[in-house]
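This short report looks at nonpolar cores and aromatic pairs. Have the sequence and the 3D view at hand.

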Amino acid sequence: MAIAKAERLMNLALCLLGARRPLSKRELRGSIEAYLEAGSDDAFNRMFERDKDDLRELGLVIETVENLEGEVGYLARRDSNRLPAITLDAEEAAALGLAAKVWQQARLAGAASGALQKLRAAGLPEDVDPYGSHGALEPRIPVHEAAFEPLMLACRDRRPVVFDYRKASAARPETRHVEPWALECWRGHWYLAGFDRERGAERVFRLSRITGKVRARGTGFTAPVPDVVTVRETVRGWAGETADRSALIRLRTGAGYPLRAKATKVREAGDGWDELEIPYGHGLDAWLVEFGPDVVVLEPAELRADVVDRLRAVAKG
């Protein structure tokens with residue numbers, strides 16, 4: 001159905017752009033096969049009006065002209081629908097080049113490279129290197145999770161999804177029904193922000209904890225999408241970045257450099273261990289678990305208990 005409509009819209013656009021004079025509804029109906037197959041005049045009129053509105057929404061300028069006999073005709077002048085010439089300075093070209101290089105590890109790499117080639121065809125000077133003097137920079141956004149592409153498409157199409165998700169503290173994954181809003185990479189990990197239907201609230205999911213396939217489920221969202229989806233700020237809160245107190249941990253010498261970078265105090269404890277004082281906020285327990293046997297929580301007791309619970313859940317898994 002979607003392909004048939006796209007073909008019909010394309011045929012209508014070509015007819016209007018190729019005509020040297022305004023074409024009436026009668027002439028358009030006789031020129032486009034899909035309109036000829038319309039069951040009645042009313043069905044054709046409804047279809048044509050919808051198609052005309054869709055083309056205008058897509059940016060095609062369609063003029064409505066009335067001739068001397070009072071018959072209404074339609075025309076899309078080429079000069080009114082021609083895009084302006086593309087002009088880029090060296091800095092703009094370099095920015096586009098860097099943006100294209102970012103996605104070389106994802107399925108978007110082909111689209112990004114194709115976009116640069118289209119800019120060349122549209123007039124980007126051959127002597128302007130899109131990578132320019134920034135060639136030493138090699139930005140990368142690694143995408144190793146199989147869930148990335150289906151979730152990216154679901155965010156774009158506003159399509160609810162279902163997937164199995166295993167929390168760091170859970171022994172088994174749970175099925176989650178989510179209305180996906182946005183994806184964001186933070187500290188080398190990809191996160192999805194969306195509306196969890198069963199919990200009736202916003203949630204953030206780490207893609208590496210999604211197990212199995214992401215499945216589409218129906219169409220349409222039940223909750224409004226925020227104007228600005230602050231995935232990073234939400235993740236920062238859950239990861240203890242918005243800390244309001246301190247924790248004391250013991251860290252194996254030569255390990256846990258991300259923890260050392262956050263530490264406010266560090267001292268040698270002997271026997272191959274150091275003691276660190278680090279900011280403590282919601283979600284710190286989940287982060288500490290990732291360092292396994294290289295970390296021992298000394299205080300507070302509640303943080304130590306949370307870390308032990310998470311380790312036990314992992315061991316049972």
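## Cores and ring pairs

In the largest nonpolar core, which has 20 residues, Leu12, Leu16, Leu28, Tyr35, Phe48 and Leu55 touch the most other members. A nonpolar core is a set of buried Ala, Val, Leu, Ile, Met, Phe, Trp, Tyr and Cys residues joined through side-chain atoms within 4.5 Å. Buried means under 20% relative accessible area, with a 1.4 Å probe and protein chains only.

The model is predicted: local features need pLDDT of at least 70, side-chain atom pairs count only at pLDDT 80 or more, and totals for chains, interfaces and linings use all residues. Residues are numbered from 1 along each chain as its sequence is written, and side-chain values use heavy atoms, leaving out hydrogens and water.

Two or more core residues come from each of α1 (2-18), α4 (41-57) and β3 (72-75). Helices (H or I, at least four residues) and strands (E, at least two) are DSSP runs, numbered from the N terminus. The most come from α1, which gives five residues.

A second, separate core has 17 residues, including Leu259, Leu276, Ile278 and Val295.

The whole structure holds nine aromatic pairs. Rings of Phe, Tyr and Trp (its six-membered ring) pair if their centres lie within 6.5 Å; planes under 30 degrees apart are stacked, over 60 edge-to-face, the rest tilted. Two of the pairs are edge-to-face:

| Pair | Centres | Planes |
|---|---|---|
| Tyr35 and Phe44 | 5.2 Å | 75 degrees |
| Tyr165 and Phe205 | 5.1 Å | 85 degrees |

Tyr165 lies in strand β4 (residues 161-165) and Phe205 in strand β7 (residues 201-206), 40 residues apart. Both Tyr165 and Phe205 are buried. Tyr35 is buried at 0% relative accessibility, and Phe44 at 4%. Ring pairs join Tyr35, Phe44, Phe48 and Tyr74 into a cluster.

Conventions
Buried < 20%, exposed > 50% of the residue type's maximum accessible area, 1.4 Å probe, protein only.
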